Amino acid sequence: PAPPPPPPAMNVDQEGSNTQMMRQANMRKKGGHLADPTRHDDSDLLGTGMVDLRQSSCLNSNAEPKWAQLNQVMQPNTEDLALISDADEQLIFKIVFKEKVNLSEILIRADKAPESADDECSAPKLVKVFSNKDDLDFGDVGDETPASIIEMVVGEHRTRLVGARYQRVSSVQIFVEANQGDTPLTFLNRLSVIGHRAWNG
């Protein structure tokens, strides 16, 4: 008898193979990750234009022109300018955002101490982070519960910000309570707040 005819050609596998190849190509273009509409890339929020510098401030920072101000230490600050405290060792950074954001990380760098300060100064050690406490001041900071407490190391210190208190925030407050050397003043060279815009939905 004649052999049975071959089965009809099927395109399903070929289409699946083509689809898989396209997915792999797209994944390579995106640095090894498949496109995910819920995935956000975190970055420095000042660099993305999300920080409102006119509304942001630093309490107890020395305002003399030879010292860096908040807007300078929130930029890359390749010249290692130093922001230093004024009356004592404590500082409160009050960072206001133009829209609600989700925070993921804070970077503080203090590795280039100023050489011409009137009093000895050292890097931050004990740092407390709050969110949406717009009116926070030295008089009431002790009554508030921080979202995070950070024991810093000398140099550059990165801290992950985890929890609901860092989601959809309009401002963040960073309280430097004590410094490394128990010196009269505190300095830092860089402050970076990292995260992404909190999209609705």
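Strands E6 and E7 run antiparallel, and 4 bridges join them. This is a predicted model, so keep that in mind throughout. E6 covers residues 124-131, and E7 covers 148-151.

Which residues are on the covered face, and which on the uncovered one? Ser148 and Ile150 make up the covered face. Ile149 and Glu151 make up the uncovered one.

Take Ser148, in strand E7. Is Ser148 buried or exposed? Buried: its relative accessible area is 14%, and the cut-off for buried is under 20%. Its side chain has a polar contact with the side chain of Tyr166, at 2.5 Å. Leave out the neighbours within four places in sequence, and Ser148 is in contact with Val127, Lys128, Val129, Leu161 and Tyr166.

Now the loop between E6 and E7. Lys133 is found there. With a relative accessibility of 32%, Lys133 counts as partly exposed. Which side chain does Lys133 join in a polar contact? That of Glu144, at 3.2 Å. Lys133 also touches Ser171 and Gln173, again leaving out residues up to four places away in sequence. Look at Ser171 in particular. Lys133 and Ser171 are 38 residues apart in sequence, yet their C-alpha atoms are 7.2 Å apart in space.

Next, aromatics. How many aromatic pairs does the structure hold? The count is 1. The partners are Phe138 and Phe175, with ring centres 6.3 Å apart and planes at 70°, so the pair is edge-to-face. Phe138 sits in the loop between E6 and E7, while Phe175 sits in strand E9, so the pair ties together parts 37 residues apart in sequence. Phe138 counts as partly exposed, at 29% relative accessibility. Phe175 counts as buried, at 4%.

Keep E9 in view. Strand E9 spans residues 169-179, and Val176 lies in it. Val176 counts as buried because its relative accessibility is 1%. What does Val176 touch, not counting residues up to four places away in sequence? Its contacts are Glu89, Gln90, Leu91, Phe93, Pro124, Leu126, Val127 and Thr186. Pick out Pro124. Val176 and Pro124 are 52 residues apart in sequence, but 6.4 Å apart in space, C-alpha to C-alpha.

On to an open sheet. It is formed by 3 strands, in the order E3-E10-E5, with mixed pairing. Which are the edge strands? They are E3, residues 83-84, and E5, residues 121-122; each pairs on one side only. E3 and E10 run antiparallel, joined by 2 bridges. E10 covers residues 185-188. Leu83 stands opposite Leu188 in E10.

One last stop. Where does the charged end of Arg197 sit? Over the ring of Trp199, 4.0 Å from its centre.

Find the polar contact between the side chains of Lys133 and Glu144. Find the edge-to-face pair of Phe138 and Phe175. Then find Ser148, buried, with its side chain in polar contact with that of Tyr166. Over to you.

Technical notes: Residues numbered from 1 in each chain as written. Predicted model: local features only at pLDDT ≥ 70, side-chain atom pairs only at ≥ 80, totals over all residues. Heavy atoms only, no water. Buried < 20%, exposed > 50% of the residue type's maximum accessible area, 1.4 Å probe, protein only. Contact = heavy atoms within 4.5 Å. Polar contact = N/O pair within 3.5 Å; in protein donor to acceptor, adjacent residues only side chain to side chain. Pairing = 2+ DSSP bridges. Phe/Tyr/Trp six-rings, centres within 6.5 Å; stacked < 30°, edge-to-face > 60°. Lys NZ or Arg CZ within 6 Å of the ring centre and 35° of its normal.
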